[in-house]
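Subject: Structure handover and notes on its side chains

Dear colleague,

I am passing on the structure we spoke about, with some notes on its side chains. Please look through it before you read on.

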Amino acid sequence: MFSEKPHGTKNIISVKITTNNSIEIEWQHPTGITETLKEYYGYLIQYKDDTIGGSYIEDVRVNYTSSSYWKIENLNSYTNYSIEIKPFRMFDNNKDYGSPYPVLQVKTRCGSKYILIRMIIHCIH
């Protein structure tokens, strides 16, 4: 029924910091997934606070058919975060994870201005 595991691409379309405690990300869907199989695919979005280290916090699983966009909320302001997006497919009631998209390194907003650069965010004091 399925060909190969889904895999992330290098195409993170945008990373935007909208408030002091939230980050919006948008990415491209993996290629080669037929219309009839889309309901079996999705994404695991994880993040971690780089200042304290530790494991990724599981944030959400987004269905392939719903979106390639997510907003992570309730973050600490002016804090470095690593964000990982892993595509998956459902197979016999188990999630079969593919290779992740490149890890995003971002810093939440610290003031009223910010500069958006693909995959790198710099706060302006």
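This is a predicted model: local features need pLDDT of at least 70, side-chain atom pairs count only at pLDDT 80 or more; totals for chains, interfaces and linings use all residues.

Residues are numbered from 1 along each chain as its sequence is written, and side-chain values use heavy atoms, with hydrogens and water left out.

I begin with the aromatic rings. The structure holds 4 aromatic pairs, where rings of Phe, Tyr and Trp (its six-membered ring) pair if their centres lie within 6.5 Å, and where planes under 30 degrees apart count as stacked, over 60 as edge-to-face and the rest as tilted. Trp27 counts as buried at 0% relative accessibility, and Tyr43 counts as buried at 1%, the classes being buried under 20% relative accessible area, exposed over 50% and partly exposed in between (1.4 Å probe, protein chains only). Tyr43 also pairs with Tyr101, and because the ring centres are 6.4 Å apart with the planes at 55 degrees, that pair is tilted. Here too distant parts of the chain are linked, as Tyr43 is in strand S3 whereas Tyr101 is in the loop between strand S7 (94–97) and strand S8 (104–107), 58 residues apart. Tyr101 counts as buried at 1% relative accessibility, and Trp27, Tyr43 and Tyr101 form one aromatic cluster.

Charges over rings come next. Lys48 lies over the face of Tyr56, at 4.9 Å from the ring centre, and Lys86 lies over the face of Tyr97, at 5.8 Å from the ring centre; the criterion is that NZ of Lys or CZ of Arg is within 6 Å of the ring centre and within 35 degrees of the ring normal.

A search of the whole structure finds 3 salt bridges, each being a side-chain nitrogen of Lys or Arg within 4 Å of a carboxyl oxygen of Asp or Glu. Asp96 and Arg89 meet in one of them, at 2.7 Å from N to O, and the partners are both buried, Asp96 at 18% relative accessibility and Arg89 at 10%. Lys86, already named for its place over Tyr97, forms a salt bridge with Glu84, the closest N and O atoms being 3.8 Å apart. Leaving aside neighbours within four places in sequence, Glu84 is in contact (heavy atoms within 4.5 Å) with Leu44, Ile45, Gln46, Tyr56, Pro100 and Val103. Glu73 and Lys71 form a further salt bridge, with the closest N and O atoms 3.9 Å apart; Glu73 is partly exposed at 45%, and so is Lys71 at 28%.

Asp49, in strand S3, deserves a separate note. Asp49 is buried yet has no salt bridge, and the nearest side chain of opposite charge, that of Lys48, is 9.8 Å away, with Lys and Arg counted as positive, Asp and Glu as negative, and His and the chain ends not counted. The side chains of Asp49 and Thr51 are joined by a polar contact of 2.4 Å (a pair of N or O atoms within 3.5 Å, where within protein one must be able to donate a hydrogen and the other to accept it, and residues adjacent in sequence count only if both atoms are side-chain atoms). Beyond the neighbours within four places in sequence, Asp49 is in contact with Asn76, Thr79, Asn80 and Tyr81.

Asn74, in the loop between strand S5 (69–72) and strand S6 (80–91), has a phi near 60 degrees, a positive value in a residue other than glycine, and Asn74 is exposed with a relative accessible area of 70%. Tyr78, found in the loop between S5 and S6, has a positive phi near 50 degrees and is partly exposed at 37%.

Best regards

Conventions. Helices (H or I, at least four residues) and strands (E, at least two) are DSSP runs, numbered from the N terminus.
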